[in-house]
Amino acid sequence: MVGYRLRLLTGLGLFCSPLALADPIDFETQIFPIFENKCFNCHSDEKQKGDLRLDSPAWIQRGSENGDVLIPGDPDESTVYYLTTFDPDDPDYMPSKGKGLTVAEQELLRKWIEEGASYGDDAMMGMGGMMDGGMGGAAPLPRSSKYTEDVPLPPASYEVSDAVANLIAGMEKDGIRFDTVNHDAEYLEITYTYSEGGSDVFDYSRLESVAGSVVKLNFGRSPVTDADLEGVSLLANVTYVDLKRTKVTDAGVAYLEGLEKLEYLNLVGTEVTDESLEALEGLKGLKKVYVWGTFVTRQAAESFEKKVPGVEVVR
Amino acid sequence: MALRVFSRFSLRIALTFGFGALSVAYAGSSSSKETLKAAKKIDSFIEEALGEQGMEREALVSDETFARRIYLDIVGRIPTYSAVSSFLRDKSASKRGDLIDSLLDSSGYASHFYNYWEDVLRIQSRDRRTIMVSYQDWIKQSLADNKPYDEFVRELISATGYVWDEPAVGYYLRDAGMPLDNMSNTAQVFLGTRMQCAQCHDHPFDSWTQLEYYHMAAYTFGVQSAYGGYRKVPEFMEFQQAARQIRLAEIKASGEDPRNARGGYRGSVAERRAIRDIFEPLGMEVTTSRKPLKLPDDYQYENGKPKQVIGAKTPFGEQAKVTRRDNPQEVYAKWMTSPENPRFTKVIANRLWKKALGVGLIEPVDDMREDTVASHPELMSYLEEVMADSGYDMKQYLRVLFNTRTYQSEAFGESPVPGEPYYFAGPSLRRMTAEQIWDSVLALAIPNIDARLGGDNQLINLRVGEAVLQDQVEKVKSLNGREIYAVIKRVGEMQTKFIEIEQTILSAVNQAETDDEKKELRQKLGEMRREKNKVIETLLAKVTGSEEIDKQEVRDEFDPTKSDYEDLVDRIGKRRAKQMVRYRKNLVRASEMVSPAPAGHFLRQFGESDREIIESSSDEAAIPQALSLLNGNLFSLVQNGESVLSRELKQSRGQKRLDVIFKSFYARAPTEAERNLVAAQIEKYGQYKGQSNVLLALLNSQEFRFIQ
Amino acid sequence: MKEILGKISDIDRRDFLAYSAKAFLGVGLMPAAARNMAFAGDSPLRRPTAKNVIYLYMAGGMSHLDTFDLKQGTQYQGATQAIKTNVPGTRVSGYLPRLAKQMDKMAVVNSMFSNQGAHEEGRYFMHSSYTKRGTIKHPGIGSWLVKFDGNRNPNLPGVVHIGSPNPGGGNGFLEQRYAPLVIGNPEAGLQNSKRRSNISEGQFQDVVSLTNAFDAEFHSRYKHKKVEAYSEMYDDALKLMRSRDLAAFEIDKEPERLREAYGENPFGQGCLLARRLVEHDVRFVEVTLGGWDTHTNNFERVEENANVLDQAMSMLLRDLEKRGMLEETMVVLATEFGRTPEINENDGRDHSPTAFTCVLAGGGAAGGQVYGKTDESGKNVAEDRIDVPDFNATIAYALGLPTERTIFSPTGRPFRVADKGRPVLDLLA
């Protein structure tokens with residue numbers, strides 16, 4: 001999907017830069033920082049005064065509740081420019097709070113708009129995603145959204161080799177279930193929910209031949225115990241672990257420390273405590289940790305979110 | 001009022017005791033020459049087609065299988081032990097024909113075929129503001145009277161008025177507010193023609209154009225049946241005028257600007273509610289107008305323009321012109337039900353054929369296209385002939401079918417394949433419908449089940465509801481605008497008072513010290529609320545100088561459990577009889593129940609239609625069915641000491657008990673193997689428990705739920 | 001996908017072979033050695049992640065104009081007001097205040113298109129992607145899902161419908177075991193699932209054996225699909241009775257406050273039951289809310305219905321999120337068609353299939369967006385039209401179903417999960 005979005009915006013850039021001057025103003029390095037410093041307080045993901053966001057090309061294009069804020073080639077019709085040039089006492093002057101644009105900044109903005117307000121080829125990089133939402137009123141974004149005969153779906157595979165199939169068949173006898181993940185037989189999910197437990201159900205070395213392929217581990221509601229998680233780090237590519245409603249405690253969660261690619265962890269309805277979060281601090285790839293119905297405290301969750309940037313602890 | 005009660009009463013007598021005069025008028029009999037000749041001819045068509053396929057017809061069914069099948073096919077339930085026994089004992093050569101005749105004349109026929117039409121006509125009585133119990137009664141009565149089918153349809157299509165006066169208007173009330181859908185349904189049900197698609201565009205697979213659709217819809221577009229749309233009711237307009245005059249006079253007297261009196265009378269919130277409550281029932285009347293039908297705004301074809309007014313014109317068959325003096329509904333009804341209409345007769349002949357044999361000569365029965373050919377074209381046209389020649393006598397037509405050798409063959413062993421012709425070596429094996437299973441279980445449990453008419457609790461409540469509506473409409477119609485204005489003013493005042501009193505009592509409840517005090521106050525509150533809820537009823541009665549309607553009387557009139565009680569009291573004493581009556585309260589045949597049954601009800605689990613879509617009942621297996629038969633309450637009903645089966649068993653000893661059990665469930669004696677299986681149970685669990693195991697197993701067996 | 005289990009029935013084996021050949025032309029299989037390598041590139045989880053679906057069906061035709069596609073300031077709007085959502089620049093109806101706060105989770109498709117303007121046909125098309133035919137019944141997505149991917153929970157049915165079974169949403173031409181289990185009243189749960197109290201387990205067992213013995217002769221006489229379906233169904237029913245997962249059906253196990261939060265009505269409780277069932281790995285749960293056929297009195301009736309929907313669906317989304325289930329559970333809001341911009345003389349709106357709204361949330365749906373546009377009146381799609389099969393293909397694709405693959409019915413006719421529909425990837429994150 002990332003690649004796909006990018007293509008879309010590239011198209012947009014071309015669409016909007018008819019005047020290719022020798023040394024055009026670069027949106028990303030020259031204009032975006034102005035918006036960031038002077039406008040984002042009220043016009044980005046946090047707040048959207050006047051229903052306007054300026055934190056991505058698409059949002060700028062979309063305009064505000066009063067319609068377009070930017071007319072390429074015509075700065076004097078573009079509110080995003082001319083409101084910044086008003087007398088600071090004027091009720092419509094922008095920014096309405098904080099420091100105004102310097103004369104140099106105003107000029108830069110003016111010139112950029114005169115040149116056609118191009119966003120450049122890779123304007124989206126490092127700028128955070130743009131929401132697709134609410135294109136109402138603005139110029140439609142070019143889209144080719146459906147896969148057609150000409151735009152085929154990404155390649156898919158649903159079958160595994162005989163060797164893997166045999167391994168799986170053997171383990172399914174223990175009530176362990178295997179699934180390929182989302183159209184790609186190179187990736188496996190293993191579900192222990194309906195296994196009865198027992199001596200070698202949780203012996204991960206049995207999975208050695210496919211260890212690199214296992215990306216999701218589903219223990220939810222299974223008889224898994226703390227000890228059963230020992231050695232799970234053998235499955236180094238696992239990104240997803242579901243332990244909801246199991247008997248697992250902090251001692252078991254500690255074994256997950258080795259799963260460096262872990263992104264999703266569900267501990268809902270277990271008896272884990274703040275210690276579990278502490279044990280996971282090294283996993284910088286974590287995005288979501290679910291701890292509703294556990295003993296994890298709010299303070300611990302918040303402090304964890306600070307220590308592991310990008311993670312959200314849902315409780 | 002008295003008249004209405006009388007008519008309902010007579011209906012009930014009629015349903016209970018069968019029909020004398022009218023049914024004689026159409027009487028055929030299984031031994032009549034016409035019947036036998038027609039049956040033979042049908043058989044020869046079938047035989048010929050079988051021969052061409054190198055197939056042979058299945059063997060003639062045994063008396064046992066026949067008895068069970070014919071009961072299910074005509075009266076919709078399995079025969080009781082005593083009915084089976086006397087049929088099997090009968091030595092006469094004409095006994096099958098005699099049984100067919102007597103079942104067609106029994107009250108079970110109307111009940112069973114009502115279920116069918118309820119599914120086809122999507123009759124809903126539950127959770128609707130437009131109550132239509134009279135419509136349901138009318139259909140049952142029409143079936144019992146053996147009203148000719150063409151007449152039945154004509155009445156449905158051309159009815160206007162209130163449902164209690166002209167019950168057939170239920171057909172339009174069902175689709176109130178969606179005249180175009182109603183017309184599509186009409187075409188599908190009675191002409192086997194799907195025009196739904198042409199509602200929005202030319203039909204993609206058939207030849208109908210959107211224009212043709214509109215032409216056809218124009219016949220009935222003027223039929224108004226919108227409940228809630230009382231603003232155009234004359235009584236309401238008269239009231240509005242009166243209210244304006246009074247208001248104008250008031251304003252003049254007070255010296256205000258008379259322009260304030262413009263517009264409709266609005267009144268206070270309580271008054272507005274009263275206006276709605278008083279006039280809404282008047283909107284239930286089905287009326288006709290000459291409202292023009294226009295093509296839609298986005299009409300896209302060249303044969304018409306958007307918003308063009310479209311006149312009535314038939315899409316096929318003879319033309320049916322509507323002149324200025326004609327009622328378009330009647331012209332339409334006449335065209336539709338004419339024997340010259342190429343589809344009308346075909347559809348009903350094929351429908352009833354399918355009902356008897358399990359598979360239609362044309363499948364599906366309601367989606368005929370230009371290129372549709374019946375699996376047996378000559379037979380199809382012969383059946384149409386039989387139907388038309390009998391004067392659309394449905395009983396006579398069915399009588400012919402049931403007397404064929406084709407019908408009386410053993411069921412065909414393989415599943416029919418959709419899209420492939422079926423050759424009728426025998427009728428197809430069918431699972432009982434939900435209604436047949438329900439009625440059959442009740443037949444094992446409750447004596448004289450076919451005579452328990454009137455309705456379950458919910459249906460009786462709806463009867464009361466309808467009586468109240470009728471009463472109100474009649475009272476409102478007898479008043480003039482100024483009188484109604486006075487009533488509404490008074491209701492408004494009283495509602496305001498009631499709210500005050502309510503608050504006083506409520507705060508008293510909060511301050512009350514003892515529980516007894518609280519209880520007393522709450523009782524008062526309850527009484528007051530009841531009074532508040534019927535303030536309109538009370539006032540209307542006072543103003544018209546008539547009595548309030550006696551709801552209990554309506555209820556008692558239709559209570560199906562009354563006779564039950566008298567019967568039980570003699571045998572088991574007052575206390576247990578009372579319990580038993582309560583226990584059996586809502587145990588009436590499916591046709592007497594609110595429609596559709598609530599989701600999750602036994603009937604729905606077994607596939608009763610939700611009455612949203614034409615013929616959407618299902619006969620598929622689903623887990624809740626097994627759970628219900630294995631673990632549900634219905635079994636206790638069969639096992640109960642007062643059940644039909646138990647009482648029969650009490651009179652029997654030894655091996656005869658087994659005979660009673662198997663004939664009750666399967667209409668046949670047990671085989672040797674079955675006797676041994678039963679013996680093993682009784683040995684292991686003793687007589688009572690062992691027998692109970694056997695009953696539960698039979699209830700869950702395949703032979704019980706399938707019609708061979 | 002469960003292909004690996006070789007559970008392909010005979011019907012589609014020939015096609016299966018053809019299909020595999022095609023698959024090998026694509027990514028194919030890596031050598032066993034490569035499999036062990038750590039994958040540095042794109043993680044597969046970038047692809048949609050839905051495992052289960054909760055399908056909220058608005059029977060009767062939900063007015064898009066009074067829910068998600070408002071036409072403020074036009075003659076078509078009537079009494080309905082727009083309100084802001086938690087996604088800047090997007091508005092929904094004032095009848096949906098709670099969902100407005102969950103807009104960031106929802107992909108609202110305002111450019112749905114159908115050519116079926118009657119209820120039965122519309123419901124059928126919406127559920128099966130095929131138009132209704134007299135000669136064949138098409139399966140719904142739930143049944144396709146279980147057909148391809150199997151039941152996750154060996155004890156429970158894979159597809160459950162709560163409220164009402166919908167035409168086109170059943171097993172169609174697929175075997176009976178893929179048919180939905182229908183629960184009428186969510187509060188009653190799965191009725192009669194416990195043995196009668198006066199019967200011991202041993203006795204119950206004997207009754208079951210006795211029934212089988214009584215049936216033996218009948219089975220030998222009739223090789224009938226319906227008869228076989230009943231034997232299979234009884235086996236499943238018995239398995240279910242013995243399963244500890246039966247608790248999934250008991251919503252009275254939920255705290256009273258939560259039950260109230262979903263709304264004290266059959267739809268609200270149905271949504272709660274749906275969540276419980278999905279927690280127990282039921283793959284596809286459909287909950288129906290009727291009453292949207294607002295030919296008369298549209299605005300009051302939409303307000304009433306929308307209130308029920310708003311409370312239940314917003315609570316469902318929050319509940320799923322809190323439990324970490326939203327990433328794998330796709331919540332779909334669907335209906336058979338929209339309603340006309342013109343307000344008729346009964347203050348109602350009539351059927352209008354040429355533009356309407358459906359919603360995806362969770363299960364990898366890209367929330368916070370309004371996709372597609374209608375014209376000024378809301379009668380027709382102006383941009384990014386999504387046909388019903390495309391919408392269904394999107395759901396199927398999110399579930400990992402092969403939308404391109406053909407399956408043959410018992411009569412040899414070729415069908416696909418969503419007919420010729422193509423997934424709309426903009427709707428997926």
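Reader: Where is B:R647 found?
Author: B:R647 is in helix α29 (residues 644–650) of chain B; helices are DSSP runs of H or I with at least four residues, strands are E runs of at least two, and both are numbered from the N terminus. This is a predicted model, in which local features need pLDDT of at least 70, side-chain atom pairs count only at pLDDT 80 or more, and totals for chains, interfaces and linings use all residues. Residues are numbered from 1 along each chain as its sequence is written, and chains are lettered from A in the order in which they are written.

Reader: Turning to α3(B), which residues are buried?
Author: They are B:T35, B:A38, B:A39, B:I42, B:D43 and B:I46. These residues lie on the same side of α3(B) because they cover an arc of only 135° around the axis, the arc being that of the directions from the helix axis to the C-beta atoms.

Reader: What do they pack against?
Author: The buried residues of α3(B) pack against α17 (377–389) and α18 (394–402) of chain B; contact requires C-beta atoms, placed from the backbone, within 7 Å.

Reader: And which residues are exposed on the other side?
Author: On that side of α3(B), B:K33, B:K37, B:E48, B:G51 and B:E52 are exposed.

Reader: What follows α3(B)?
Author: B:G54 follows α3(B), and its phi is positive, near 70°.

Terms used
A residue is buried if 20 or more other C-beta atoms lie within 10 Å of its own, exposed if 12 or fewer, and partly exposed in between; C-beta atoms are placed from the backbone. Two residues are in contact if their C-beta atoms, placed from the backbone, lie within 7 Å.
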